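Reader: I would like a close look at one part of this model, with the cut-offs stated. Please start with strand pairing and then go on to contacts between aromatic rings.

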Amino acid sequence: QVQPVESGGGLVQAGGSLRLSCAASGSIFSINAVGWYRQAPGKQREMVATITGLGKTNYADSVKGRFTISRDNAKNMAYLQMNSLKPEDTAVYYCNAQFRGIPSWYWGQGTQVTVSS
């Protein structure tokens, strides 16, 4: 029973920035590997960015150069910094997290990001 909690979504104009947070501070386990996913209305959920336990990052082509995934081990949190946002970035963003000591992955409930033109 481990569930990440996302925050930081909202409404932003095209070209603006948002930073999403994925919190696991209520867990006794430390956050390790993290993936950010998003799902727009009428579309399937897609991978946005991932970071491995060793810090290797990977990004969807659509966000490469604009988004940055990171972790803060001291706070037991992960982040998705989103810059130069576009209307097509509008979606519900989900954190999928793996914790040290637990082999399974856990989904958060999502946070809405809306980018206006």
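Author: Strand S1 (residues 5–7) runs antiparallel to strand S3 (residues 18–23), and three bridges join the two. The model is predicted, so local features need pLDDT of at least 70 and side-chain atom pairs count only at pLDDT 80 or more, while totals for chains, interfaces and linings use all residues. Residues are numbered from 1 along each chain as its sequence is written, and side-chain values use heavy atoms, with hydrogens and water left out. Strands (E, at least two residues) are DSSP runs numbered from the N terminus, and two of them pair if DSSP finds at least two bridges between them.

Within S3, Cys22 is the bridge partner of Glu6. S3 also pairs with strand S8 (residues 77–82), antiparallel and over six bridges; here Ala23 stands opposite Met77.

Next come S4 and its partner. S4 pairs with strand S5 (residues 46–51) in the antiparallel sense over five bridges, and Arg38 has Glu46 in S5 as its bridge partner. The hairpin of S4 and S5 has six residues between the strands, and Gly42 there takes a positive phi near 80°. S5 in turn runs antiparallel to strand S6 (residues 57–59), joined by three bridges, with Ala49 opposite Tyr59. Five residues lie between S5 and S6 in their hairpin, where Gly55 in the turn has a positive phi of about 95°.

Rings of Phe, Tyr and Trp (its six-membered ring) pair if their centres lie within 6.5 Å; planes under 30 degrees apart count as stacked, over 60 as edge-to-face and the rest as tilted. Three aromatic pairs turn up in a search of the whole structure. Tyr37 and Trp107 have ring centres 5.0 Å apart and planes at 65°, so this pair is edge-to-face. Because Tyr37 lies in strand S4 (residues 31–39) and Trp107 in strand S10 (residues 105–107), the pair ties together parts that are 70 residues apart in sequence. Trp107 is partly exposed at a relative accessible area of 36%. In this scheme buried means under 20%, exposed over 50% and partly exposed in between (1.4 Å probe, protein chains only).

The pair of Phe99 and Tyr106 is tilted, because the ring centres are 6.4 Å apart and the planes at 55°. Phe99 is buried at 2% relative accessibility, whereas Tyr106 is partly exposed at 21%.

Tyr37, Tyr94 and Trp107 make up one aromatic cluster. The charged end of Arg45 sits over the ring of Tyr94, 3.7 Å from its centre, and Arg45 also lies over the face of Trp107, at 4.7 Å from the ring centre. A charge sits over a ring if NZ of Lys or CZ of Arg is within 6 Å of the ring centre and within 35 degrees of the ring normal.

Conventions. Helices (H or I, at least four residues) and strands (E, at least two) are DSSP runs, numbered from the N terminus.
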